[in-house]
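This briefing is for a reader new to the structure.

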Amino acid sequence: MSHMKPFTALSPGPTRAIAPARNVLGSLRLPGDKSISHRYAMLAGFAEGASRLTNFSSGADPHSTLACMEQLGARVERGENGAIAIGGRAGEFREPQAALECGNSGSTMRMLAGLLAAQPFHSTLVGDASLSRRPMERIRAPLTAMGARLELTEGHAPVTIHGGPLRGLDYQTPIASAQVKTCLLFAGLQAGGATRVHESVHTRDHGELALRAFGAQVERSKLTVGIAGGQRLHGIDASVPGDLSSAAFFLCAAALFPESNLVLDGVGMNPTRASLLDVLRGLGVGLNVLELNEQHAELVGTLQVVGNPNGLVGAEISGAMSAQLIDELPVLAAIAPYTREGVRIRDARELRVKESDRIALVAKNLRAMGAKVEEFEDGLDVAGGQTLHGAEIDAGDDHRIAMAFAVAALRATGQTEIHGAESAAISFPEFFDFLDRITER
Ligand code: S3P
């Protein structure tokens, strides 16, 4: 597969068999957050001086970002256990000699476009088949309004950027997207005047926090974020918090077992990412925050999850909640049949333009396991009180689908086979090993 990188060579084979489990117990420390890793890597490559990052994401996507940084002239050294040293370009990238390969990573393509829009050269961003189907007009329109010229192919990658001097922009994002917001802040950092991005939903704020960590001033008031152009960034030392969206699979796995007890160390608990915890509490799961610290304004904690002897209730997820939970919706839908009242998801149309059409693929795979599901343009109704059976799952080259159904398989009768399981390595190469470690059979 084109998005596989050599460092994922130890990842599991293409099909993984998952047997039902009796319980989930133990403790884990998760690799670094994907969203934060991308942002730190990009800003470290852009900043002046050296940055030293630890617990950088092991996922293929943030490593695509690192490779792009190298193509743009930043020096990148990869150490053990997610230690990465990056020598920054002090605001002036080197013109790339070939297309920038973003692999499967929408974050790389969209956010890097913001940095490149102000650079005085032409660059082209390419991706794999899945990324080449995803919408890019959402960055082309505002970056064009700032003065860059972008060429797409029918709204998709390859994205060719003719960079140059930018002017600040006041922009209301039509779709809730932290990638687009961050793209515009990265462009605004290099523009003449101020750039303001107004959102309808407070999406994840890692871009704002990362910019501040690297020394930029970023203003925030309610749903508006502003940045003045012409600010210089300097390299930082930072540890990347564990990925809460990866933790979500284990939190949901633990939720399925009345006697589970799982402790996750060093997990990112940025409030703009933590809606999952509210939903799990609403389902009846016991969640305790055992410790909480702050690193570069990102909250990091130890989280304990304890199963509920009375089982799970049910949930309704809509409005702003859907946007804030967008990466966790597949796994929440996958465990929904095991709740009493089921899970209703709406206002999640964006799921259709992720690494796969996640609404269609979740519905198809739940049905393969014998579940009753209703599909809507912007969501799903998954009935509760169902018994699922093991089945053949099509991960559709989508990491979160592969992992979500590995979790659903833990409470099914009989064995489940996840085809395309290796796609987990896009965000979480250790996933299946970690799952084995915490499941009792
Ligand atoms: C991300 C934002 C979300 C999310 C993606 C990572 C980010 O995408 O789905 O996995 O790091 O900003 P959108 O910006 O498209 O909502």
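In this predicted model, Leu-264 stands opposite Leu-303, a residue of strand β17. The two strands concerned, β15 (residues 261-268) and β17, pair in the antiparallel sense over 6 bridges. Strand β17 spans residues 298-306 and is mostly covered, with 7 of its 9 residues buried.

**Strand β17 and its other partner**

- Strand β16, made of residues 286-295, also pairs with β17, in the antiparallel sense and over 9 bridges.
- In this pairing, Glu-298 of β17 has Gln-295 opposite.
- β16 and β17 form a hairpin that has 2 residues between the strands.
- His-296 in this hairpin takes a positive phi near 50°.

- Strand β13 (residues 224-228) runs antiparallel to strand β11 (residues 194-198), and 5 bridges join them.
- Arg-196 stands opposite Gly-226 of β13.
- Strand β12 (residues 218-221) pairs with β13 as well, in the antiparallel sense over 4 bridges.
- Ile-227 of β13 has Val-218 opposite.
- β12 and β13 form a hairpin with 2 residues between them, and Lys-222 lies in the turn.
- Lys-222 is not a glycine, yet its phi is positive, at about 50°.
- Lys-222 is exposed, since its relative accessible area is 77%, and values over 50% count as exposed.

**The sheet with β6, β7, β8 and β9**

- Four strands form an open sheet with mixed pairing, in the order β6-β7-β9-β8.
- The edge strands of this sheet are β6 (100-101) and β8 (149-153), each of which pairs on one side only.
- β8 pairs with strand β9 (residues 156-162) in the antiparallel sense, over 4 bridges.
- Leu-150 has Ile-161 in β9 as its bridge partner.
- Strand β9 also contains Pro-158.
- The peptide bond from Ala-157 to Pro-158 is cis, with omega near 0°.

**The ligand and its shell**

- The ligand has 13 residues around it, and those that come nearest are Ser-35, Arg-39, Ser-177, Asp-327 and Lys-354.
- Ser-35 has a side-chain N or O atom 2.7 Å from an oxygen atom of the ligand.
- Lys-354 has a polar side-chain atom that also lies 2.7 Å from an oxygen atom of the ligand.
- Ala-178 reaches the ligand through its backbone, where an N or O atom lies 3.1 Å from a ligand oxygen.
- On its own the ligand has 380 Å² of accessible area, and the protein covers 95% of this.
- Helices α1 (34-46), α3 (106-116) and α5 (178-188) each supply at least two residues of the shell.
- α1 gives the most to the shell, with 3 residues.
- Domain 1 (15-32 + 241-440) and domain 2 (34-238) each provide at least three residues of the shell.

**Helix α5**

- α5, one of the helices that supply residues of the ligand shell, is mostly covered, as 11 of its 11 residues are buried.
- The buried residues of α5 include Ala-178, Gln-179, Lys-181, Cys-183 and Phe-186.
- Ala-178 therefore counts as buried, under 20% relative accessible area, and a backbone N or O atom of Ala-178 lies 3.1 Å from a ligand oxygen.
- Ser-177 caps the N-terminal end of α5, with a side-chain oxygen 3.3 Å from the backbone nitrogen of Gln-179.
- Ser-177 is also among the residues that come nearest to the ligand.

**A positive phi at Asp-397**

- Where is Asp-397 found? Asp-397 is in the loop between β22 (392-394) and α12 (399-408).
- Phi of Asp-397 is positive, near 55°, and the residue is not a glycine.
- Asp-397 is partly exposed, because its relative accessible area of 37% falls between the 20% limit for buried and the 50% limit for exposed.

Terms used:
Residues numbered from 1 in each chain as written. Predicted model: local features only at pLDDT ≥ 70, side-chain atom pairs only at ≥ 80, totals over all residues. Heavy atoms only, no water. Near = heavy atom within 4 Å. Polar contact = N/O pair within 3.5 Å; in protein donor to acceptor, adjacent residues only side chain to side chain. Areas by Shrake-Rupley, 256 points an atom, 1.4 Å probe, with all protein chains shown as cover. Domains from an automatic or database assignment. Buried < 20%, exposed > 50% of the residue type's maximum accessible area, 1.4 Å probe, protein only. Pairing = 2+ DSSP bridges.
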